[in-house]
Amino acid sequence: MTKILFVCHGNICRSPMAEFIMKELVQTQGLEHLFEIASAATSDEELGSAPYPPVRALLSERGISTKGKTARRLTRDDYEKYDYFIGMDGANRRNMLRLFANDPQGKVSLLLDYTDRPRDVADPWYTRDFRATERDVDVGCAALLEYLLNTSH
């Protein structure tokens with residue numbers, strides 16, 4: 001089983017969006033038994049908070065419920081539990097590298113690194129453009145899944 005942890009600053013916008021979109025993607029392909037998918041924050045600012053209302057609304061339009069999801073903080077112990085740590089932007093990557101002593105096993109990457117146009121996923125908390133973030137997350141998750149299915153572990 002491949003274990004993926006999506007990571008952003010607060011775990012209320014981008015990383016839960018990626019978590020639930022990726023879960024939907026693997027489920028529609030009948031692959032949910034091959035993956036464990038979750039998300040976490042690099043900060044403790046939103047601990048215990050549900051996904052941000054516009055994120056819940058976008059996912060709800062897709063028939064995806066986030067019921068029960070609350071923000072949690074990434075921990076050093078997570079490094080042994082997960083195979084991939086997928087950040088949303090360079091700041092997330094830097095925070096993970098600091099926490100994980102420079103990532104000795106090469107588990108840290110950014111979501112859009114798996115696409116033909118690597119870049120940060122813009123934070124809709126600041127941009128207010130939740131649809132643009134959703135498009136980036138859709139493209140990134142599809143590319144990540146293709147990578148994982150074509151890569152022997």
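**Entry 1: setting the scale**

I call a residue buried under 20% relative accessible area, exposed over 50%, and partly exposed in between. With that in hand I looked up R131, which has a relative accessible area of 38%, so R131 is partly exposed. I keep in mind that this is a predicted model.

**Entry 2: R131 and its partner**

Next I asked which residue R131 forms a salt bridge with. I found E61, with the closest N and O atoms 2.7 Å apart. This pair links distant parts of the chain, since R131 sits in helix α6 (residues 130-150) and E61 in helix α2, 70 residues apart. Is E61 buried or exposed? I read 56% relative accessibility for E61, so it counts as exposed.

**Entry 3: R62 and E24**

I then turned to R62, whose side chain meets that of E24 in a salt bridge, 3.2 Å from N to O. R62 lies in the loop between α2 (53-61) and α3 (78-81), while E24 belongs to helix α1 (residues 14-28), so their contact ties together parts that are 38 residues apart in sequence. I noted R62 as partly exposed, at a relative accessible area of 27%. E24 is partly exposed too, at 22% relative accessibility.

**Entry 4: a network, and a count**

Which residues are linked in a network of salt bridges? I wrote down E24, E61, R62, R131, E134 and D138. How many salt bridges does the count come to? My tally for the model is 12.

**Entry 5: R72 and D78**

I also looked at R72 and D78, whose side chains meet in a salt bridge of 3.0 Å, N to O. R72 has a relative accessible area of 27%, which makes it partly exposed. D78 has 2% relative accessibility, and since the cut-off for buried is under 20%, D78 counts as buried.

**Entry 6: on to the strands**

Why do I describe strand β1 (residues 2-8) as largely enclosed by the rest of the structure? Because six of its seven residues are buried.

I followed β1 to strand β2 (residues 35-41): the two run parallel and are joined by seven bridges. As one example, V7 has A40 as its bridge partner in β2.

Terms used
Residues numbered from 1 in each chain as written. Predicted model: local features only at pLDDT ≥ 70, side-chain atom pairs only at ≥ 80, totals over all residues. Heavy atoms only, no water. Salt bridge = Lys/Arg side-chain N within 4 Å of Asp/Glu carboxyl O. Helix = DSSP H or I, 4+ residues; strand = E, 2+ residues; numbered from the N terminus. Buried < 20%, exposed > 50% of the residue type's maximum accessible area, 1.4 Å probe, protein only. Pairing = 2+ DSSP bridges.
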